[in-house]
Amino acid sequence: DVIELLPAGSHHGIQLPLETPYGQPIQLPYYGSPWLLGRSRRRGPPRLEAASIYIPNAATGALIGRKGQYIRMMKRFSEADLRISMEATVDDLRKLTVIGTPEAQWKAQYFIHKKIYSEGFSGFEAPFLTTEMSVPSEIVGRIIGRKGVIVSEIQRETSTLIDVAGSGRKAGGASGDFGELETVEIRVTGTFFCSQSAQRHIREIAYRCGMESRVPYARN
């Protein structure tokens, strides 16, 4: 059995052989441009990105699986690195960081949303999770737009909530105003496909600004 990811407008599927963790095989459309699939228009290997998903603390065990079986499966088939924080936040959430190419991000985030739904942690509704991305401070204004027009339009089109956090990373690692920051955190909250659509919009803005090589990238 396989899960087949079919890029929009393409006849070439990406097949992931699975041991039917979700029952019957399904097909998932990949909504995005070739660049978002990790095939950069620039030569060289695709740049790794980092995104953090805040999951219910109670779902941590299910996402790890018995003896780590499920998280190993996610790493193997998404080809992403997954790291779960040791402690929960004040809102009883765990930070699960995904590091990989845009394609690996898509696959890993799908597995995370699907597991939370299948285990009943979101009730009968699709999980409404928050994903945090780091973007260069220089393009934050482009994402927000004049008087918030662009970010409001992205929220309307994707049915997500987008928050530009007042924190980030300086060259020296400290926090400060946007003008002093190297990166700024943007939080996207929504269901899987809605969140992916919003993340795609943010990446495309970064590409148009000529910052493909900097957005949102993984730090060692």
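**Getting your bearings**

Colour by secondary structure and you'll find six helices and nine strands in the chain; these are DSSP runs numbered from the N terminus, with helices H or I of at least four residues and strands E of at least two. What you're looking at is a predicted model, where local features need pLDDT of at least 70 and side-chain atom pairs count only at pLDDT 80 or more, while totals for chains, interfaces and linings use all residues. Residues are numbered from 1 along each chain as its sequence is written, and side-chain values use heavy atoms, with hydrogens and water left out.

Of the 220 residues in the chain, 45% are buried. Buried here is under 20% relative accessible area, exposed is over 50%, and partly exposed is in between, using a 1.4 Å probe and protein chains only. Contacts are heavy atoms within 4.5 Å; among those between residues at least 6 apart in sequence, 66% join residues at least 24 apart.

**Stop 1: the largest core**

Select Leu63, Met74, Val98 and Ile112. They have the most contacts inside the largest nonpolar core, which has 22 residues. Such a core is a set of buried Ala, Val, Leu, Ile, Met, Phe, Trp, Tyr and Cys residues joined through side-chain atoms within 4.5 Å. Strand 4 (49–56), helix 2, strand 6 and helix 3 (102–118) each supply at least two of its residues, and helix 3 gives the largest share, seven residues.

Apart from this core lies another, of 15 residues, with Val135, Ile143, Val151 and Ile186 among them.

Now centre on Met74. Leaving out residues up to four places away in sequence, Met74 touches Leu63, Glu79, Leu82, Phe111 and Ile112.

**Stop 2: helix 2 against helix 3**

Show helix 2 and helix 3 together. They pack at an angle of about 150°, axes 9 Å apart; axes are lines fitted to C-alpha atoms, for helices over the stretch in contact, and angles run from 0 to 180 degrees between N-to-C directions. That makes the pair roughly antiparallel, on a scale where under 35 degrees is roughly parallel, over 145 roughly antiparallel, 65 to 115 roughly perpendicular and the rest oblique.

**Stop 3**

Go on to helix 6, residues 192–208. Its 17 residues should span 24 Å at 1.5 Å a residue, and its end C-alpha atoms are 24 Å apart, which agrees; the expected span is 1.5 Å times one less than the number of residues. Its buried residues include Phe192, Gln196, His201, Arg203 and Ala206.

Bring helix 3 back. The axes of helix 3 and helix 6 come within 10 Å and cross at roughly 160°, which makes the two roughly antiparallel. At the contact, Pro102, Gln105, Trp106, Gln109, Tyr110 and His113 of helix 3 meet Phe192, Phe193, Gln196, Gln199 and Arg203 of helix 6.

Ile150, Ile154, Glu157 and Thr158 of helix 5 make the contact with Cys194, Ser197, Ala198, His201 and Ile205 of helix 6.

**Stop 3: two long-range links**

Pick Arg142 in helix 4 (residues 140–144). Arg142 is exposed, at 52% relative accessible area. Not counting residues up to four places away in sequence, Arg142 touches Ile150, Ile205 and Cys209. Its C-alpha is 8.6 Å from that of Ala206, 64 residues apart along the chain.

Then try Thr130 in strand 7 (residues 129–136).

**Last stop: two positive phi values**

Select Lys67, in the loop between helix 1 (60–64) and helix 2 (69–78). Lys67 has a positive phi of about 55° although it is not a glycine, and is exposed at 73%. Finish on Asp92, in the loop between strand 5 (81–84) and strand 6 (93–100). Asp92 also isn't glycine, and its phi is positive, near 60°; at 44% relative accessibility, Asp92 counts as partly exposed.
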